[in-house]
Amino acid sequence: MWNLKLDTRSTSNAEASLDVRFPLPFVVPVRTKKRFFVPPSTKIKAKMTASQDQEANTRAAGFVIRQEYMERSINIACTAGVFDPYIPPEGDARLSSLSREGLKQRTQQIKQGAASQLAIRKIKEHDPEFTAKSFAVKAQEIFVEAHDSLTQFNKEKLHSLVTERCYPEMVRGNRYKTLRWRFVESLEPPKVVHARCPDMVTKGNLYGQVTVRMHSRQTLAIYDRFGRLMMGSEEEPRDVLEYLVLERHLINPYGMWRLHGKIVPAWAPAKEPVVKTIMIPGPELKPGEEFEELNYEVPKPKAVQWHK
């Protein structure tokens with residue numbers, strides 16, 4: 001590429017002539033590449049994840065990767081939760097309204113009822129037949145029908161009685177279990193204690209949420225897939241105090257009041273743990289023998305030290 005001719009006949013170095021002849025056309029390939037200075041301390045190859053490596057190989061092969069958008073579908077038939085939930089007073093259903101603590105709670109409920117009255121007025125604009133007294137009885141009927149449908153695994157009817165937010169909470173974990181639930185009686189008449197009218201997406205898209213206090217007596221028994229009792233009893237009724245939240249899409253002319261959730265107060269007692277049962281191996285019976293005739297004594301488990 002380079003043709004150099006050096007004339008050294010002169011004794012002086014300054015007189016030395018350099019004859020450089022360039023071939024035509026002259027192309028310097030080094031100029032077409034970009035050179036970036038990288039400090040020595042940063043010459044560490046970054047570790048690529050499997051997804052990044054796969055994406056780089058796909059782009060090198062000439063395939064175009066479409067951009068993925070993180071989208072989540074929403075349901076406008078109901079809201080995603082309870083708006084401004086009702087805070088039950090501590091000791092509800094235990095304190096008398098004639099005591100000092102009962103009178104304090106009664107006055108607080110009257111003060112907090114102003115916002116509920118405004119919400120009830122909005123509900124009556126879309127549902128003229130709504131009244132607090134009749135709605136409490138209707139809410140109790142919806143509650144009983146929903147739990148009867150749950151024990152019978154009637155999905156079609158259950159969807160018409162509960163919202164899309166409440167349905168997965170009710171059926172979660174009940175696939176291989178048998179439920180026995182019964183409504184015995186109502187200890188106190190149900191009553192409306194809270195009402196709100198939230199909106200979603202737009203300002204005029206209103207939803208009505210009404211909280212109903214229900215004090216009743218119920219029985220509940222849960223059996224596992226082998227028929228063993230996990231918790232509860234079918235014969236022993238218990239007193240249950242619940243705060244039910246019912247919701248309706250007010251601007252929908254075909255909307256219905258459906259069970260939306262429950263409010264569990266912070267002072268509520270903890271649930272009883274599930275008692276897991278196991279089968280203790282017994283003696284092998286011969287044909288024609290019965291277990292009662294052997295007078296077999298079940299061995300007691302040995303004491304185990306769980307901690308020091």
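Strand 5 and strand 6 run antiparallel and are joined by four bridges, where strands are DSSP runs (E, at least two residues) numbered from the N terminus and two strands pair if DSSP finds at least two bridges between them. Leu246 stands opposite Leu259 in strand 6. These strands belong to an open sheet of four strands in the order 3-4-5-6, with antiparallel pairing; strand 3 and strand 6 are its edge strands, each pairing on one side only.

This is a predicted model, in which local features need pLDDT of at least 70 and side-chain atom pairs count only at pLDDT 80 or more, while totals for chains, interfaces and linings use all residues. Residues are numbered from 1 along each chain as its sequence is written, and side-chain values use heavy atoms, with hydrogens and water left out.

The lining of the largest pocket comprises 41 residues, and Leu220, Val240, Glu242, Lys262 and Lys271 lie nearest the pocket's centre. Strand 5 gives the largest share of this lining, 10 residues.

No disulfides (pairs of cysteine sulfur atoms within 2.5 Å) are present in the structure. Cys78 is in none, and the nearest cysteine sulfur, that of Cys166, is 9.5 Å away.

| Residue | Relative accessible area |
|---|---|
| Cys78, buried | 4% |
| Cys197, buried | 15% |

Notes:
Buried < 20%, exposed > 50% of the residue type's maximum accessible area, 1.4 Å probe, protein only. 1 Å grid on protein atoms, 1.4 Å probe; cavity = no way out; pocket = protein on both sides within 12 Å on 5 of 7 lines; lining within 4 Å.
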